[in-house]
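Hello,

Here is the structure I promised to pass on to you. Have a look at it first, and my notes follow below.

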Amino acid sequence: MAGKLTAAQGTGILLVTANVGSLFEDPEHLEKIWLREFYQTVQTHRPHFVAVHCQEVGGKNYEASMSHVDSFVTELLSSDAMKEYSRARVYLDENYKSQEHFTALGSFYFIHESLKNIQQFDFKAKKFRKVVGKETWSETLESTPTVEKEKFPQDYYPESKWSRKGFIRTRWALADCAFDLVNIHLFHDASNLVAWEKSPSIYSRSRQRALQFVLDRITDDRYERLPYFVFGDFNFRLDSKPVIQSRLCPACNLQVSRSDDTNQLSKLTFREFGNDQKLILQVEKKLFNYVNQDIFREDNGTSLLEFDNELSVFRGQLHELEIAFPPSYPYSEDSNQGREYMNTRLPAWCDRILMSPSARDMVIKPENEEKSIVYDNIGPNVCMGDHKPVFLSFRITAGAGKCCQRGENIFREAPL
């Protein structure tokens, strides 16, 4: 699958983020489709190192889904499609009984048999270790030496209500370069109506605060600073009020409904000007029913990217390649529907792969052919659950280590 390494070819890297909650709600129909599309992506890009960051592992009820999680992991580790990946590391946060620790994150790393010189960092010993064999770590990841895992402090959560949000960091060294990989899940929009009230929304500000928390943690003085890739479900949303007013419903009357008992906003109804008063959009707490979904698919919905502003706060800290795929959420969970969105949320690019400036220098190098760098989604025409996985494929070429801000001793291997 992955060809022999040569200096000219470089080391093929495939980064994938996937919110897999839907898989465990309907594993009978969705898991085979999801795995087939994932394996096809691996086969197409022929990477030597694969990192898959999953969120919502186990779905809404982890305890009831544990057997499905086990079979999913077993399939990934033992499938014929991945047989050339002779080493693997799997980290599953299964500590679902601990509300203050559980994140439902899962990080999977696969190393091709032809990749000889790869090491992983031990955060306890502060040393790199050679990667041998296949290992799965679960439950109390807080004590696992090769990962750093944190759930956000409770006061970071909107209304201080616990949910499964946080991050997991791993650190890797290959060829002449070392870097961090961070699996992240940020807060969602609990109510479409609340998101509409302010621009930017209160949820956007909560996500901004949490993301800065992660960036501060992975760049503090405890460890050597390295290039980093942060990929997961950021839950970034389009700025609701301006996108509705100027793009989705520019020539509409707005009717505002409020509840009788509390006078709180309960529904927004947008109708076309004119005698027919055609219904264009209805918005409720968990309803976003727009008359024409094609606007999110035409030209991959990229005309709406001007309203995708949450990353702009981190200009200079985080970079992203150009988006040329449709909003990644919320797709229909009907296994027969691959391109339809659910009428629950304003579609948005929630699932992203971001990188530090030095990591971007690793990816964007003059000697890399443009076609060797691909930023896209997986399974565009089939049902992958409510989130389409997103991937970044690129190659690390000889000399990429020059952009890795590291000390002379970073590759010193710890005794096994």
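Is Val42 buried or exposed? Val42 is buried, because its relative accessible area is 0%, where buried means under 20% relative accessible area, exposed means over 50% and partly exposed is in between, with a 1.4 Å probe and protein chains only.

A word on the basis of these notes. This is a predicted model, in which local features need pLDDT of at least 70 and side-chain atom pairs count only at pLDDT 80 or more, while totals for chains, interfaces and linings use all residues. Residues are numbered from 1 along each chain as its sequence is written, and side-chain values use heavy atoms, with hydrogens and water left out.

Back to Val42, which belongs to helix α1 (helices are DSSP runs of H or I with at least four residues, strands are runs of E with at least two, and both are numbered from the N terminus). Val42 is 28 residues from Leu14 in sequence, and their C-alpha atoms are 7.8 Å apart in space. Helix α2 holds Tyr62, which counts as buried because its relative accessibility is 3%.

Helix α1 (residues 27-45) meets helix α2 (residues 62-78) at an angle of about 25 degrees, and their axes are 12 Å apart (axes are lines fitted to C-alpha atoms, for helices over the stretch in contact, and angles run from 0 to 180 degrees between N-to-C directions). That angle makes α1 roughly parallel to α2 (under 35 degrees is roughly parallel, over 145 roughly antiparallel, 65 to 115 roughly perpendicular and the rest oblique). Their crossing is right-handed, meaning that the near helix is turned clockwise from the far one by less than a right angle.

The largest pocket has a volume of about 1,200 Å³. On a 1 Å grid over the protein atoms alone, a pocket is an open set of points with protein on both sides within 12 Å along at least five of seven lines, a cavity is a set where a 1.4 Å probe fits but cannot get out, and lining residues have an atom within 4 Å of a point. Its 40 lining residues include Glu56, Lys165, His188, Lys286 and Arg345, which lie nearest the centre of the pocket. By class, the pocket lining has eleven nonpolar, 13 polar and 16 charged residues. Helix α4 gives the largest share of that lining, three residues.

There is one cavity of 30 Å³ or more, and the largest cavity has a volume of about 40 Å³. Among the residues lining this cavity are Phe288, Tyr290, Met342 and Arg345.

The Ser199 to Pro200 peptide bond is cis, with omega near -5 degrees, and Pro200 sits in the loop between α3 (192-197) and α4 (202-218). The bond from Tyr329 to Pro330 is cis too, with omega near 0 degrees; Pro330 is in the loop between α6 (294-297) and β16 (351-355). Asn300 lies in the loop between α6 and β16 and has a positive phi of about 60 degrees although it is not a glycine. Asn300 counts as partly exposed because its relative accessibility is 28%.

Best wishes

Note on methods. Grid points are joined across faces, edges and corners, and a volume is the space filled by probe spheres set on the points. Ala, Val, Leu, Ile, Met, Phe, Trp, Tyr, Cys and Pro count as nonpolar, Asp, Glu, Lys and Arg as charged, and the others, Gly among them, as polar.
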